[in-house]
Amino acid sequence: MPLARLIPCLDVAQGRVVKGVSFVNLRDVGDPVELAQYYSAGGADELVFLDISATPEGADTMVYVVERVADVLEIPFTVGGGIRSVQDASRIIEAGADRVSLNSAALATPQLITDIAARFGSQAVVVAIDAGESVVYTHGGRVATDIATVPWAVEAATRGAGEILLTSIARDGQRTGFDLILTEAVRDAVDIPVIASGGAGSAQHVADALRVTDAALIASIVHENPAGLPGLRREIEALGIKLRPLMERV
Amino acid sequence: MSDVIVVDYGAGNTRSVRAALTHLGRTSYVSAEPILIADAPYVILPGVGSARSAMEHLDETGAANALRERFAANRPILGICLGMQLALRASEEDGGVKCLGLLEGLAVRLDAPRIPRLGWAAVEPWGDVFYFAHSFVAESPDTVATSEGLSAAVRRGSFLGVQFHPEKSDVAGLTFLESCLSRV
């Protein structure tokens, strides 16, 4: 298996990073491009950008953000939020994103997973699942569906998804650790990579998740102290998780 | 400083490759024009999309023959991911696709615990860690480097192909690209 991945997630609305990112040494804390470069230099293995504005104007702005990010970033990145058609996905991928993440649109039209995978390959399609106690939620975790989490993950994989981004709604933002039971259940049910999300509060939490699955999404733990990312990596490594070695920029 | 042609086969993401080249101070153009592909100082065959549509596109535009001519004239070509697999004899992808045949061997479906194989992995004997994202892999006697036992780089004559994405491999990737380009 490739090395475990640490993936900071940035929420973006109207082209700006939202949610409290605490910052000292950036010119513009709200610029997704600057923050992406900062996290990349700090040792992020990948990045995820979620467009939470979900408006037509927001989508156009997001394409522009993706182009600017692609021009300066030399690590992979995924873009989610508001992608409802093959055409939406094409615009984002042609702008330079490596993968698109589908959530509600995949639940409404599972064929969308297959169609995007056929055009760009499975590695370009992430299905994001917001999981409650047993069923999947939509609308940012506010609306319950009658679709059970594990079977939905299996269906997504069967339809051509190349990765599952699994968020525990109950743990999201709580910083009490990932839902390892949920993560394990999905990991065991599918043969594609699974990113654990929701609950990262310490290096120990992340290390625990990375013992269970391929990658961990981190948000508030890193946004509160972006300069702490290299230190967080070292702590995780000290707990026995092997991450990629970072080389000095020349 | 010599110009680089990034071969266009209609599959989208050439932007990241060009961004990495710009970062290294190289001028690059995206083109399927046979004359440019045959004569440019350096040519990169990038890698996103499916083998069948990529080969159809390369055949239609004349880029496929230009790449064969270029290879016969011993001029350098770098293939990345699918771009490497397209240089093999054939690919198992899409029910079987005849490829350029610059290299011996086939692209076969990966046999790995999780597919696609996504993430950073060491390449031996080079020692550096690069980013991979693939479901198929070369089975080729021209393999010159491996990652977790899988072919990670192939070389024959003036063609060098890599399974990983140097343009997405941070400092290690830029260093690799620079070393490729510094020879021309």
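Student: How do helix 6 and helix 7 of chain A cross?
Tutor: This is a predicted model. In it, the axes of helix 6 (residues 149-158) and helix 7 (residues 180-189) of chain A come within 9 Å. They cross at roughly 35°.
Student: Is that crossing left-handed or right-handed?
Tutor: The crossing of helix 6 and helix 7 of chain A is right-handed.
Student: Which residues make the contact?
Tutor: Helix 6 of chain A brings A:Thr149, A:Val150, A:Ala153 and A:Val154. Helix 7 of chain A brings A:Ala185, A:Val186 and A:Ala189.
Student: How many of those are nonpolar, polar or charged?
Tutor: Six are nonpolar and one is polar. None is charged.
Student: Zoom out. How many helices and strands does chain A have?
Tutor: Chain A has 10 helices and 11 strands. Its radius of gyration is 17 Å, close to the 18 Å from the globule rule for 250 residues, so chain A is as compact as a globular protein of that length.
Student: What box do its C-alpha atoms fill?
Tutor: Roughly 45 × 40 × 30 Å, along the principal axes. Buried residues make up 51% of the 250 residues in chain A.
Student: Switching to chain B. Is helix 1 mostly covered or uncovered?
Tutor: Helix 1 of chain B (residues 15-23) is mostly covered, with seven of its nine residues buried.
Student: Which ones are buried?
Tutor: B:Arg15, B:Ser16, B:Val17, B:Arg18, B:Ala19, B:Ala20 and B:Leu21.
Student: And what does B:Gly25 do just after that helix?
Tutor: B:Gly25 takes a positive phi of about 80°.

How values were computed:
Residues are numbered from 1 along each chain as its sequence is written. Chains are lettered from A and ligands numbered from 1 in the order in which they are written. This is a predicted model: local features need pLDDT of at least 70, side-chain atom pairs count only at pLDDT 80 or more; totals for chains, interfaces and linings use all residues. Axes are lines fitted to C-alpha atoms, for helices over the stretch in contact, and angles run from 0 to 180 degrees between N-to-C directions. Helices (H or I, at least four residues) and strands (E, at least two) are DSSP runs, numbered from the N terminus. A crossing is left-handed if the near helix is turned anticlockwise from the far one by less than a right angle, and right-handed if clockwise. Two residues are in contact if their C-beta atoms, placed from the backbone, lie within 7 Å. Ala, Val, Leu, Ile, Met, Phe, Trp, Tyr, Cys and Pro count as nonpolar, Asp, Glu, Lys and Arg as charged, and the others, Gly among them, as polar. A residue is buried if 20 or more other C-beta atoms lie within 10 Å of its own, exposed if 12 or fewer, and partly exposed in between; C-beta atoms are placed from the backbone. The radius of gyration is taken over C-alpha atoms; the globule rule is 2.2 Å times the number of residues to the power 0.38.
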